[in-house]
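This report describes selected features of the structure shown below.

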Amino acid sequence: MLLKKQLQQIADIVGEDYFSSEEYMRKLYSHDVGALPNLVNDILKTQVDAVAQPTSPEVVSKLLQYCLKNKIPVIPRGHGTSGYGGALPTKAGLAIEMTRMNKIHNVDTSNMTVEVGAGIIWGNLIEELEDQNLTVRAYPSSAPSSTVGGWVAAGGSGIGSTKYGGVSDQIVDLEVVLPDGRIIRTSSPPDDIIEEFVKQEYNYFPSDDEYIWAIKEVEKDDFDLTSFFVDSNGTLGIITKVVLKIIPLHAIRPFVASFKTKEQMIWAMQEIMKETRPFYLHFITEGFNQMLTDVDMPTHSQHPWVFLCAFEGSKEQLDNEEASLKKIVDNNMGVLEPQEVAEHEWDERFYPMRIKRLGPSLAPSEVYVPLSNLQSFIERVDRHFKGESFALEGAVNNKGEVAVLAWFLDDERKTIAFLMGWYRSLDFIELGLKENGRAYSIGMWNVSHSRSFFGKKKYASIAQLKKKTDPKNIVNPNKVFPGPIQLSMRFNYLIIIAATIIAPVVLWLAGLWVGDIMAAYGLEWLAVTNLTSALVAIGIGLFAGVAVSEIANYVPINFMLTMGRPFLRLGRKIFH
Amino acid sequence: MGTKTFERLRESALDVEPLVCARCGFCTFVCPAYNDTLWDSQSPRGKLYQLRELILKNQPIPEDFAERIFKCTLCGACQEICQTKIPLLTFWQKVRQEINDAGLWPKVVHLLDESIQSSKNIMDLDQEDRMLWTDMVDDIVEDRIDKPAKVAYFAGCNISFKGTLAPIGENTIKVFDHLGIDFTILGEEEYCCGNPYFVGGEWDKAKELAIHHLNKLKDLGVKTVVFNCPGCHRAFNEEYPHMLGKESVAGIEFLPFSQFIAWMLREGKLKFTKEYNEVIAWHDPCELGRHQNIYDEAREVLNAIPGLVLREMKHSRNKADCCGGGGLLKGTNPLMSVRISGRRIEATEKTGATILASECPSCMMSFMDGIENTGKKIKFKDLSQIVVEALGL
């Protein structure tokens, strides 16, 4: 808990109107789209102590400096529209919410870039650019409410990524406030950061001046600090401005095709990627389609396996792409649905959670798999989650990967089954990895996949930067870099009390059942036989409880998630 | 009377909706109250999140939260964009009902209630004064009060009692006269339509008013009722049949002014011939647009006027931003209401229009305040005024 004095000091930095530490507000800024099992809320400190909404990079800088000095965890936050835990607190602290930094600072039509405050909403940016006949190249499916900075920090792909790539391909430059409070541009990193990554090469070749020089230049040219901050979940600093690539506003022509089987649909999708250049290629499974019908939002498609394919460009380009698409759909025994169905599905591109009503809770999980393995992946998932209610959808990116999103229906009111069901989101990613896939976004829940997600070299680099600028791990702890968890006070007390009660009972039973063995080892004094020995046992329990709760605070979060998964899976089978 | 905590929501099976909320936040940036503060506590998502916990724990709505619930114009933008199709308009009405059950209605809502109960109108004025708005058209109206006719005009409390809004009613009467329509008005028998009860979530209290009006209309043989106030229109067109059953309104058609004029145009009974050289931006009133899906007729009328240039605001039709006057916000949080209308005035300015037009007395009041507050050189005109001017009446 932050002290009253600290809360006041933070309020003074950010301004009273842009600060809150009221209970209800703290709750509102401690969640994302996912519902947390109650047990997680009990174990971890999943509620921030206060919320600040800075209005300038300078205010962000002062906040970070203050938090670093006072060891207050900071949780950067866009609009909380992700589901991978990147904006969730684990050690309480201060939520820094960026939505007030929402200006369009510069539209550069000669270089085709736009510089925006990180807190601007994608939808608002797209609307404003449209007035100048411009648009962004790709945007997330959460565009009506997600921030530009949030997508950069969380990473991933979205609408437009089939043609123009994921968020990392959209960024030209970032303004970032480092954990130590420095405001930097990632396109021109400060010398000490460059040297941090270059000096290692000096150490390798201390005697060869010419070679050292060569390495240094290569390193400087290759050193792409901007890419460090994409997918970083704000662990390396808070993104305050983003310079994005933009394009002229062209017409979009959407099509919907439906197929009897997944094989036909996937073959058609593979051909489309070979022969055309769609702006967006997105599919839903038969199960997803059925769920849409169940919530009275049917696709009106003739067949159950459906994809939406949208092209972008001039009329001539669109006509050519349309002709190719028709041929491909026809060749694969598909049906090209009427234009009103296509328009409807295009409008529905922002609404993947229509089916949530069937839960009423949803547990999401997402993984990239190669389009070539999509069929076997879907079959693998179907086998693995037999008996579970779930639906799959996915969009292809420009690298031939499909970001497959699984929605597991659940009911958070069924506390135990809901907790146990958590394994599904974790298992889903493992299944994707088996199909040569990769995690979609790290956040908190996929923190065990950090190393493989970034690659060993890049992970080592970002870890090095983290160590240099945030050695106390103040900024967004437990995200990207696992780090130890910190148990909530009540869970610590629970462990201690439980140990204090359990120890005397165990020692009493041990005395009764294996008293001889204890005596053989000279441990008969441990057995509870009278009031004095009971008090000794309580003392032992108390000591053990304190020790366990202390040790538990050093358990890395990825260890907890990995070790807990088999138990959750078993539990789900029992309680589901 | 429901007295148990969240009984109102449970009996309508709406208590599950906060769990159905996907927390995607799409509702936040279309919400005028959220955009006014940029705090999630003010957004539909934030309010649903707080209600979720209260409902799961069966705890009553605390007083400060009740106040925040009323910081809402009931514009319906949240329902329109909702990812999981939560019927949010009804939901917020029911929550307001819960708040009344807990005795936490804002004072201004209680005053409205007392006024309607004692004087049958929202102004707490004598019903004898209800016809003051006809001063400028008394020669047309004097024989029409309580007279059997197929067409009736329902002015509503705002037009009847607020001098600045009276011209809206006068305009409609002038158009009736121009068209030679045999019409009636209810006079002192016109009561509050019950709209404040609907937005306050107290349907039961509006029942008596609804029965009174429908009986009166049937007694006079009315087949068509024309409204300038979308709140009154929605009360008759949606809430009355919802409360009393569809058969209660069988044989009576309820038309907002725009639909009535569009009908006259289509029938060839009305034609605009004079040039009306103005650039106008149209604002869709929430209670006609999102609440009742009525968008086209006003545009049809404006486009039929020679010389008139119609400009659409970036957010129009089902995406139209609210004027700030709905949901009793003008009474409960007047400053927030004025700031919201100011944003709509700024959006009007961006279209290059010099006139902002709509068909709603409540919108008119909000925009007049917004224009004054922002100091913008935009004029507001009600559709009835544009029609009268274009016809040269």
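## A loop position in chain B

Helices, of at least four residues, and strands, of at least two, are DSSP runs numbered from the N terminus. In these terms, Gly307(B) belongs to the loop that lies between helix H16 (296-303) and strand S6 (309-311) of chain B. The model discussed here is a predicted one.

Is Gly307(B) buried or exposed, or does its accessibility fall in between? Buried residues have under 20% relative accessible area and exposed ones over 50%; Gly307(B) has a relative accessibility of 31% and therefore counts as partly exposed. When neighbours within four places in sequence are set aside, Gly307(B) is in contact with Glu275(B), Tyr276(B), Asn277(B) and Glu278(B).

## The contact between chains A and B

The size of an interface is often given as the accessible area lost when the parts come together. For chain B and chain A, the buried area is about 3,200 Å², with 55% of it on carbon and sulfur atoms. The contact draws 36 residues from chain B and 42 residues from chain A.

Between chain B and chain A there are six salt bridges, and 23 residue pairs are in polar contact, both residues being at pLDDT 80 or more. On the side of chain B that touches chain A, the elements giving two or more residues are helix H2 (17-20), helix H3 (32-37), helix H4 (44-57) and helix H5 (63-69) of chain B. H4(B) provides the largest share of that side, with seven residues. By residue class, the side of chain B that touches chain A comprises 17 nonpolar, nine polar and 10 charged residues. A salt bridge also links Arg23(B) with Glu412(A), where the closest N and O atoms are 3.9 Å apart.

## Two helices of chain B

Helix H11 (residues 166-179) of chain B contains 14 residues and reaches 20 Å from its first C-alpha to its last, close to the 20 Å expected at 1.5 Å a residue. H11(B) is mostly covered, since 10 of its 14 residues are buried. Among them are Ala166(B), Ile168(B), Gly169(B), Glu170(B) and Phe176(B). Just after H11(B), Gly180(B) adopts a positive phi of about 70°.

Ser341(B) is placed in helix H18 (residues 334-351) of chain B. Its relative accessibility is 0%, so Ser341(B) counts as buried. Not counting residues up to four places away in sequence, Ser341(B) touches Cys323(B), Ser366(B), Phe367(B) and Gly370(B).

## Charged pairs

Side chains of opposite charge can pair when their charged atoms come close. Over all chains, the structure holds 52 salt bridges. In one of them, Arg253(A) pairs with Glu322(A), the closest N and O atoms being 2.6 Å apart. Arg253(A) lies in strand S11 (residues 251-259) of chain A and Glu322(A) in helix H13 (residues 315-331) of chain A, so this pair ties together parts that are 69 residues apart in sequence. Glu322(A) has 17% relative accessibility and therefore counts as buried. Asp470(A) and Lys466(A) also meet in a salt bridge, at 2.7 Å from N to O, and both of these residues are buried.

In chain B, Glu389(B) forms a salt bridge with Lys381(B), with 2.8 Å between the closest N and O atoms. Glu389(B) is partly exposed because its relative accessibility is 33%, whereas Lys381(B), with a relative accessible area of 11%, is buried. Elsewhere, Glu23(A), Arg26(A), Lys27(A), Glu53(B) and Lys57(B) are joined into one network by salt bridges that share partners.

## A buried loop residue in chain A

Asn476(A) is found in the loop between helix H19 (456-469) and helix H20 (489-513) of chain A. With 0% relative accessibility, Asn476(A) counts as buried. The C-alpha atoms of Asn476(A) and Val74(A) are separated by 5.6 Å, while the two residues are 402 residues apart along the chain.

Which residues does Asn476(A) touch, not counting residues up to four places away in sequence? They are Val74(A), Ile75(A), Pro76(A), Gly86(A), Leu88(A), Asn233(A), Gly234(A) and Thr235(A). A polar atom of the Asn476(A) side chain lies 2.6 Å from the backbone oxygen of Asn233(A).

Terms used
Residues are numbered from 1 along each chain as its sequence is written. Chains are lettered from A and ligands numbered from 1 in the order in which they are written. Side-chain values use heavy atoms; hydrogens and water are left out. Contact means heavy atoms within 4.5 Å. Buried area is the accessible area (1.4 Å probe) that two parts lose on being put together, summed over both. A salt bridge is a side-chain nitrogen of Lys or Arg within 4 Å of a carboxyl oxygen of Asp or Glu. A polar contact is a pair of N or O atoms within 3.5 Å; within protein, one must be able to donate a hydrogen and the other to accept it, and residues adjacent in sequence count only if both atoms are side-chain atoms. Ala, Val, Leu, Ile, Met, Phe, Trp, Tyr, Cys and Pro count as nonpolar, Asp, Glu, Lys and Arg as charged, and the others, Gly among them, as polar. The expected span of a helix is 1.5 Å times one less than its number of residues. Buried means under 20% relative accessible area, exposed over 50%, partly exposed in between (1.4 Å probe, protein chains only).
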